Amino acid sequence: ALYFFSPKKWRNAVLLLASLIFYGWGEPRYVLLMLVSVFFGYLFGLLIERFRETPASKAACILSVAVSLSFLLYFKYTDFFLESFNAVTGQNIPLLKIALPIGISFYTFQVISYTVDVYRGDVPAQKNLLTFAAYVAMFPQLVAGPIVRYSDIRSQLENRTHSVEKCAYGIRRFVTGLSKKILIANVLGELIGQFQASEEKSVLFFWMYAVAFMLQIYFDFSGYSDMAVGLGVVFGFDFPENFRYPYCSASITEFWRRWHISLGAWFRDYLYIPLGGSHVKPVRWIFNIFLVWMATGFWHGAAWNFILWGLMYAVLLLIEKAWLLPYLKKHKIVGHLYVLFFVLIGFVLFDASSVANFWDCIVSMFGGGQIKPVTTESLYYLKSYAGIILTAVIGATPLPVRLYGRLQKKKGLKQTLDIAEILLLVMLLLLCVAFLVDGSFNPFLYFRF
């Protein structure tokens with residue numbers, strides 16, 4: 001209300017103030033850190049443009065990236081490096097136990113993309129500090145993406161349009177994302193909690209856990225992205241899409257064009273291509289692939305399982321590019337099954353507390369370790385959660401959207417469907433509120449990355 005009643009020239013200030021209050025409410029100590037990142041990004045952007053086409057411009061760009069990465073490395077990875085050093089050398093250097101600032105991985109990458117784009121001449125430097133701060137700190141996508149580049153919304157920061165239609169679409173998108181999180185991801189999270197608490201795990205229960213986590217992380221993260229995009233539209237911004245039904249992919253290459261799109265595009269444009277991409281000698285190209293995917297894994301968390309998760313995808317992508325891709329294009333069903341299998345195994349690794357824990361889980365999934373195939377407990381939870389798992393599987397495909405689109409084209413149905421959609425969204429919103437009031441605090445999974 002404050003935003004829409006404000007004059008246009010004040011709206012960025014209102015957004016910035018709301019964003020700082022929002023961020024400070026969750027993590028008051030680290031508002032200053034984000035503001036320091038914003039100030040350095042703004043200052044280096046001006047210096048890069050001021051000394052364009054001189055060595056000083058390049059130096060300012062390099063220094064900007066170094067400063068941004070130093071904040072990220074210190075707060076997110078210091079303890080990981082200390083742990084690894086202690087393990088290798090036998091030393092016992094105490095860990096600093098630094099709390100991870102919420103959203104630092106996302107806003108750091110936004111600041112880096114801005115200064116690099118200014119250096120490349122893709123965008124002019126933003127002269128207004130308040131406008132730049134509003135871009136970096138914008139609360140809809142601040143804590144878990146998508147990674148919005150300055151070039152994506154540059155014109156909208158200066159002049160954006162608002163309408164009842166855009167607001168209506170934004171609200172629909174927001175409620176859809178909230179429902180994906182609360183009514184699907186959180187319920188799947190309950191099943192995962194039951195699995196983790198169980199003392200009588202079976203092969204069936206391990207597979208139920210793996211499928212549930214694979215679906216949970218999709219609905220959790222894509223739900224957040226839907227909410228961010230929806231809120232952005234309400235405020236007149238067009239944020240990039242972050243998911244396009246990734247579990248419908250027929251190759252790992254396709255999967256990463258559909259999953260966390262903004263992150264994949266960021267690593268492609270700011271690391272893979274500057275390294276030479278595929279336009280280099282084969283050995284260097286293989287090195288580029290491994291480096292990019294190791295960095296992608298490491299970005300998600302300061303632990304070896306994340307690095308191995310990224311390297312797993314590097315190996316799969318190299319195999320596909322070398323010889324497997326033509327076969328997968330001819331045999332789509334085989335491709336779909338292959339993607340689902342390796343993505344599922346990958347998410348078991350992603351969720352593991354350690355590499356040893358991951359290995360134990362994989363051994364158990366395939367019947368090793370003298371584990372029972374089925375137990376009464378696992379059958380009970382399968383019956384209890386079969387409905388939500390089936391709903392999630394169908395919801396992870398474009399089938400519901402396609403069916404709704406076909407029904408809307410039928411004569412006499414459109415008006416009825418429009419009314420039904422409004423009623424459904426209101427009902428979903430009330431149901432989400434009821435779940436939130438009744439349940440405990442349950443943050444988005446990607447908050448910890």
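Analyst: The answers below set each value against the rule for its term.

User: What should I know about the model and its numbering before we start?
Analyst: This is a predicted model, in which local features need pLDDT of at least 70 and side-chain atom pairs count only at pLDDT 80 or more, while totals for chains, interfaces and linings use all residues. Residues are numbered from 1 along each chain as its sequence is written, and side-chain values use heavy atoms, with hydrogens and water left out.

User: How many aromatic pairs does a search of the whole structure find, and why is the pair of Y42 and F132 called tilted?
Analyst: The search of the whole structure finds 58 aromatic pairs. Y42 and F132 have ring centres 6.4 Å apart and planes at 40°. Rings of Phe, Tyr and Trp (its six-membered ring) pair if their centres lie within 6.5 Å, and planes under 30 degrees apart count as stacked, over 60 as edge-to-face and the rest as tilted, so the distance and angle of Y42 and F132 give a tilted pair.

User: What makes this pair a tie between parts of the chain?
Analyst: Y42 lies in helix α3 (residues 31-50) and F132 in helix α6 (residues 129-137), so the pair ties together parts that are 90 residues apart in sequence. Helices here are DSSP runs (H or I, at least four residues), as strands are (E, at least two), numbered from the N terminus. Both Y42 and F132 are buried.

User: Why is the pair of F195 and F206 given the name edge-to-face?
Analyst: The rings of F195 and F206 lie 5.0 Å apart, centre to centre, with 75° between the planes, and are therefore an edge-to-face pair by the ring rule. The pair links distant parts of the chain, with F195 in helix α8 (residues 164-197) and F206 in helix α9 (residues 203-234), eleven residues apart.

User: How do you know whether F195 is buried or exposed, and what about F206?
Analyst: Buried means under 20% relative accessible area, exposed over 50%, and partly exposed in between (1.4 Å probe, protein chains only). F195 has 6% relative accessibility, so it counts as buried, and F206, with a relative accessible area of 9%, is also buried.

User: What makes you say that a charge sits over a ring, for R50 and F51?
Analyst: The rule asks that NZ of Lys or CZ of Arg be within 6 Å of the ring centre and within 35 degrees of the ring normal. The charged end of R50 sits over the ring of F51, 5.1 Å from its centre, and K76 lies over the face of W299, at 5.3 Å from the ring centre.

User: How do you know how many disulfides there are?
Analyst: A disulfide is a pair of cysteine sulfur atoms within 2.5 Å, and by this rule the count comes to zero. C167, for example, is in no disulfide, because the nearest cysteine sulfur, that of C432, is 19 Å away.

User: Why does the contact of D269 with R149 count as a salt bridge?
Analyst: A salt bridge is a side-chain nitrogen of Lys or Arg within 4 Å of a carboxyl oxygen of Asp or Glu, and by this rule the count comes to eleven. The closest N and O atoms of D269 and R149 are 2.8 Å apart, so the two form a salt bridge. D269 lies in helix α11 (residues 261-272) and R149 in the loop between α6 and α7 (150-158), so the pair ties together parts that are 120 residues apart in sequence. Both D269 and R149 are buried.

User: What is the setting of the salt bridge of R52 with E49?
Analyst: The closest N and O atoms of R52 and E49 are 3.8 Å apart, and therefore a salt bridge is counted. R52, at 28% relative accessibility, counts as partly exposed, and E49 is partly exposed with a relative accessible area of 23%.

User: Where do K414 and D418 lie, and how do you know that they form a salt bridge?
Analyst: K414 and D418 both lie in helix α18 (residues 414-438), four residues apart, about one turn of the helix. Their closest N and O atoms are 3.1 Å apart, so they form a salt bridge. K414 is partly exposed, with a relative accessible area of 45%, and D418 is partly exposed at 26%. Elsewhere, salt bridges that share partners join R173, K180, D226 and E241 into one network.
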